[in-house]
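Reader: I have a model open on my screen and would like to learn how to read it. Could you take me through a few features, one at a time?

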Amino acid sequence: FGPIMSVRFGSDDVVVLSTYDVIHEAFVKNMAAFQSRPHILLVNALTEGYGLAFPPYSPEFGQVRQFSLSTLRGLGIGKRSIETRISEIAQDMVKELDTLDGKPTNVKMIVGTSVANVICSIVFGKSFEHNDPAFRKVVKANFNSWSDPKHSGNKSMMMLFPFLRHIQPFKESFKYSLDVHQDIVDFNRKEIEEHIENLDENEPSDYIDAFLIEMKKHSPDDPWFHEKQLLHSISDLFIAGTETTTTTLLWCMIAMLHYPDLQARIYNELMQEIGEQVLPSVDHRDKLPLFRAFIQEILRYKTTVILGIQHLTTKDVDIKGYRIPKDTKVTANIDACHSDPNVWKDPSKFDIHRHIDKDGKFILSRKVIPFGIGARSCLGEKLARIEIYLFLANIIKRFEILPDPKSEHLPPFDDGLSGLIHSPFSYKVSLKPR
Ligand code: HEM
């Protein structure tokens with residue numbers, strides 16, 4: 001036990017870092033030593049070693065990662081253009097939720113197709129109707145990619161013991177994972193083909209265009225700038241971005257059900273500071289301390305990616321007096337960091353006021369790290385933060401979030417499904433138009 005410990009995961013020893021200080025010391029202060037990823041057989045069977053989230057570090061991979069980050073930024077992440085687009089998608093989601101007419105519904109697909117449409121706008125330069133069958137199929141495939149209730153446990157086991165893939169019921173789960181991933185890849189391949197046909201090199205309008213143009217600047221045998229990498233890059237952006245953001249929004253709604261007084265106070269804050277007629281925008285954030293504190297507390301209390309993604313050391317390195325040898329698997333226990341009693345008073349309590357100072361101002365915390373920190377931290381952090389803010393503000397402004405009257409209990413807030421992503425059990429909610 002302690003902030004640095006070694007734990008046996010399957011057949012491997014993995015170093016687990018469990019406080020903000022040690023995670024920061026490792027992933028930020030010793031960034032270069034921790035920027036690689038281990039080879040995971042199950043993942044490689046899906047990605048052929050390409051993509052953005054799982055490849056080990058090399059200077060050439062660093063280039064493609066950096067290209068992706070700056071392209072996503074250049075396309076407007078953190079700037080007004082993408083904010084406007086997300087705001088439009090949020091309003092479209094509200095319209096879709098309006099059609100439910102307050103009927104208790106599991107809203108995961110409506111929220112999920114809206115979240116996926118944000119990524120579609122950036123990657124494909126277009127969005128899809130909520131009821132488009134091919135789009136719904138690929139959004140479901142994104143959800144099932146890591147969190148299918150029937151297979152995710154088997155998948156986690158196969159990550160630890162790859163040989164299990166040859167034995168039932170793991171064999172079936174392995175095939176299922178390949179099939180689901182293939183659905184995502186097929187959808188994305190079709191989009192790439194259309195982009196190749198219609199490419200205007202003078203006016204790249206999305207990530208695929210930018211990648212195709214960049215590819216032409218590299219030799220045909222470049223190890224990373226080729227079509228296969230493009231295919232797996234965009235698949236990773238969808239898989240990493242859809243379920244995580246949707247899950248966070250679903251936790252937000254559960255919190256609103258458990259704390260109706262807080263919901264009313266946040267609604268009043270939005271009404272007083274923005275008003276009924278004005279669309280919520282990131283520019284309003286300084287006037288919304290309660291709302292921002294709520295989001296930050298959700299990101300702390302319900303850590304979506306509990307153990308982050310594994311890192312691999314590239315050399316021997318000393319952290320707080322412990323020697324971690326080269327080629328050691330290392331993981332950040334983000335959930336433990338968010339529940340550290342030395343940092344958070346009464347960490348198991350959901351309390352938004354820990355993020356508000358005595359003058360009523362919001363306190364931005366660098367110790368809430370749901371997106372990880374350092375060289376392999378989340379590529380979609382800025383995008384996800386804007387999405388959560390705008391989607392939630394639009395929902396709260398338009399609807400009162402109420403429990404399903406037919407259900408005896410509220411959906412649990414302190415329990416859920418645990419795999420790579422910690423998501424709530426399936427639940428229905430009634431969104432009563434205000
Ligand atoms: C609430 C939403 C999200 C959460 C909580 C989240 C969390 C994370 C975490 C914990 C990591 C691993 C960090 C590490 O290894 O140290 C990660 C990596 C990543 N995320 Fe996210 N993420 C979210 C949304 C998104 C979105 C919207 C996108 C893309 C549009 C995205 C793309 C990625 C990618 C590509 C990586 C791999 C980065 C690398 O290996 O260099 N994520 N995310």
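Reader: Where is the place of Glu48?

Author: Glu48 belongs to the loop between α2 (41-47) and α3 (59-74); helices (H or I, at least four residues) and strands (E, at least two) are DSSP runs, numbered from the N terminus. Before we go on, a word on the source: this is a predicted model, in which local features need pLDDT of at least 70 and side-chain atom pairs count only at pLDDT 80 or more, while totals for chains, interfaces and linings use all residues. Residues are numbered from 1 along each chain as its sequence is written, and side-chain values use heavy atoms, with hydrogens and water left out.

Reader: What is the phi of Glu48?

Author: Most residues other than glycine have a negative phi, and most peptide bonds are trans. Glu48, not a glycine, has a positive phi of about 55°. Lys320 also has a positive phi, near 45°, and is found in the loop between β4 (317-319) and β5 (322-324). As for the peptide bond, the one from Gln168 to Pro169 is cis, with omega near 0°, and Pro169 lies in the loop between α7 (152-160) and α8 (170-198).

Reader: Why does Lys320 count as partly exposed?

Author: Buried means under 20% relative accessible area, exposed over 50%, and partly exposed in between (1.4 Å probe, protein chains only). Lys320 counts as partly exposed because its relative accessibility is 47%. Glu48, at 43%, is partly exposed too, whereas Ser377 counts as buried because its value is 18%. Ser377 lies in the loop between α13 (334-338) and α14.

Reader: Which residues come nearest to the ligand?

Author: Being near means that a heavy atom of the residue lies within 4 Å of the molecule. Of the 23 residues around the ligand, Arg37, Arg65, His311, Arg376 and Cys378 come nearest. Polar side-chain atoms lie 2.7 Å from a ligand oxygen atom for Arg37, 2.5 Å for Arg65 and 2.9 Å for His311.

Reader: Which helix supplies the largest share of the shell around the ligand?

Author: That is α10, with six residues. Both α10 (227-258) and α14 (381-398) supply at least two residues of the shell.

Methods: Polar contact = N/O pair within 3.5 Å; in protein donor to acceptor, adjacent residues only side chain to side chain.
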